[in-house]
Structures are given as structure tokens and as C-alpha cells.
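Here are a few exercises to work through with the model open in your viewer. Try each task before reading its solution.

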Amino acid sequence: MDLVLDVADRFFFTPYVYPASWPEDEPLRQIIGLLIVTNLGAAVLYLGLGVLSYFLVFDHNLMKHPQFLPNQVRREIKYAMTSLPWISLPTVALFFAEVRGYSKLYDNVHDSPLGWSGLIFSMISFLFFTDGCIYWIHRFLHHRLIYKHFHKPHHVWKIPSPFASHAFHPVDGFLQGLPYHIYPFLFPLHKVLYLGLYVFVNIWTISIHDGDYRLPGALQPVVNGAAHHTDHHLFFEYNYGQYFTLWDRIGRSYRHPSALEGKGPMDCVRRMMEGGRGSEERGTCRGGGGGAKDKGA
């Protein structure tokens, strides 16, 4: 994150905000700068990527589903924008530790003992490390003593839109983001690659809430896509993974997506549109998740 802070200092904070007498490496100045950059960056990524997904990917017919709430999109955005500043507080503490040199982030490819192959290895290991950590954190958040306090607000959105991606309780949002920030304290990682992976994580988080259930057949058993994650929102006890289905299979929480079997939310909406909005069709749609008990695993 020091790369982002350096750019912000050079082009904004130093010439326009802070007095010249305040050194750029002074701890309090760095904390303030990180708070501003983190909150602004989170909002831009969330709203920018969310808008693109909402208008270019998300099938608005899903809003006709009986479990899509009134004013849901507005409520998702409001909840996310209220939570993000609180999530940023402990996140900035970790970013500050990075900036002060306590992580294993490095500047040049030659600083890695494996060179360019180290970048490829760190990308793969980052994905598998964070996927495994998030799986168990996510299952922990579904424990009956924890769920109603922290994770249940995210499950209000049974049929999520892209804007549900960041609509978490602050504790929930920080815990599920923690593995991304822990990784560079445990393993070497190039600073530019870290920023790229940070952006990728945000894109992926939005993509599994975007209602686009298409996935190449060969990847369906391996990749945890929007179809898998939508079933998690509907049925609660399945598909906790972030990128892959590996830990769900190990933890016996894998469920083949109903959308890939012709029984998903969009299939329910199509039946409603073809048969009218009678109680029978609406009941069939609610059978996609309305019958599941809202509880932890």
C-alpha cells in the first residue's frame, strides 16, 4: 500500500493538503493518508465495479423474483457504504504495518529468490491460501452463536445483486478480508502484484453476486462461481468457498448449483413470466430458498 500512498503524497497530499514541514514518513501523517486512500479506494472500486456489473452483466429480470426485496439495490448500497468506513479502521492498521516495513512485500522481481517464477507461484499460493482461510472463517460466521450477530445481514439478500458483494456487517467484512492482508506478512509478495490481486479480489467478489450463472462445463466442478454462491445465499449451509470448490468438497458442504440444473432463481422467474404471477408460480420460486432455514452451519 506504500506505492499508493507515495502517489497520493506526490500528487495530492504534499502539494495541496499538508504543510511542507510535515515529513511524508511521519507515522500520524501516514495513518491519516491511509485512512483517506483506503476509504476512497474502497468506495471507487465498489461503486465503479458494481455499476459496471449491474448494467452490463446483471440480469434485471432477477428483480422479479419474489425473494428480491423492495428497494433492495438501494438498501445494499446504503448498507455497504455505511460498513466500509468501519471495516477500514482495522484494515488501515494492517496497511500501516506494511508501510512501516513489517511485511514481506518487495519492490523488484530480483528481490524474490525465485525471480519471475516466484510471481507466478505467489499468485497461485495467494488464491489457495485465501480461499482456504475464507472457507473456515465463513463457516465460523455461520455458527449459530455467531451468525445472527454478524453474518445474517449479508444473507438478507437471498437473490443478490452486484451491490450485495460488499454489504456486510463491519466485523463480517473485516474477518472475510483478513486473509488477503495476512498473506504478505507470512509470504513474499511483489507490491504491484499485491495491488493487482487486491483489485482482482474486488472484481471476483462482485462477480459471484452478479447473477451471471454461466460457467464453462469443465470449470463447474472446480470454480465457485455466481451459481454456487447464489445457492449459498438461498440454502445457507453450502458453498462457503471463495474461488474454488475444494474446501467445500473436503468439508462436505458442496452443493451442485441449482441454476446449473435448471432449478435456479432465473428458471423460477421464467416460469413465473410464462405462467403469470399466480400463487403457484410464486410458491415454486420460493422453493428455491424460501424453504431453507435461516440458520448457521
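**Exercise 1.** Work out whether Asn 239 is buried or exposed, and find where Asn 239 sits.

*Solution.* Keep in mind that this is a predicted model. Start with the relative accessible area of Asn 239, which is 1%. Buried means under 20%, so Asn 239 is buried. Finally, check the backbone: phi of Asn 239 is near 55°, a positive value in a residue other than glycine.

**Exercise 2.** Phe 236 has a phi that is positive in a residue other than glycine; find the value and describe the setting of Phe 236.

*Solution.* Phi of Phe 236 comes out near 75°. Phe 236 lies in the loop between α8 (226-235) and α9. Its relative accessibility is 0%, so Phe 236 counts as buried.

**Exercise 3.** Which residues does Asp 248 touch, leaving out those up to four places away in sequence?

*Solution.* First locate Asp 248: helix α9, residues 246-250. Then list the contacts: Tyr 135, Tyr 238, Asn 239, Tyr 240, Gly 241, Ser 253 and Tyr 254. Take Tyr 238 from that list: Tyr 238 and Asp 248 are ten residues apart in sequence, with 7.5 Å from C-alpha to C-alpha. As for accessibility, Asp 248 has a relative area of 1%, so this residue is buried.

**Exercise 4.** Classify the ring pair of Tyr 46 and Phe 163, then say which parts the pair ties together.

*Solution.* The structure holds 23 aromatic pairs, and here is one of them. The ring centres of Tyr 46 and Phe 163 are 6.0 Å apart and the planes meet at 85°. Planes over 60 degrees apart count as edge-to-face, so that's the class of this pair. Tyr 46 lies in helix α2 (residues 27-56) and Phe 163 in the loop between α5 (147-150) and α6, so the pair links parts 117 residues apart in sequence. Both partners are buried: Tyr 46 at 0% relative accessible area and Phe 163 at 4%.

**Exercise 5.** How do helix α3 and helix α6 pack, by angle and axis distance?

*Solution.* Helix α3 (residues 72-99) and helix α6 (residues 170-186) pack at about 20°, with axes 9 Å apart. Angles under 35 degrees count as roughly parallel, so α3 is roughly parallel to α6. The crossing is right-handed. Contact residues include Trp 86 and Leu 94 of α3, plus Phe 174 and Leu 178 of α6. Sorted by class, the contact has eleven nonpolar, four polar and one charged residues.

Terms used: Residues numbered from 1 in each chain as written. Predicted model: local features only at pLDDT ≥ 70, side-chain atom pairs only at ≥ 80, totals over all residues. Heavy atoms only, no water. Axes fitted to C-alpha atoms, helices over the stretch in contact; angles between N-to-C directions. Helix = DSSP H or I, 4+ residues; strand = E, 2+ residues; numbered from the N terminus. Parallel < 35°, antiparallel > 145°, perpendicular 65-115°, else oblique. Left-handed = near helix turned anticlockwise from the far one by under 90°. Contact = heavy atoms within 4.5 Å. Nonpolar A, V, L, I, M, F, W, Y, C, P; charged D, E, K, R; others polar. Buried < 20%, exposed > 50% of the residue type's maximum accessible area, 1.4 Å probe, protein only. Phe/Tyr/Trp six-rings, centres within 6.5 Å; stacked < 30°, edge-to-face > 60°.
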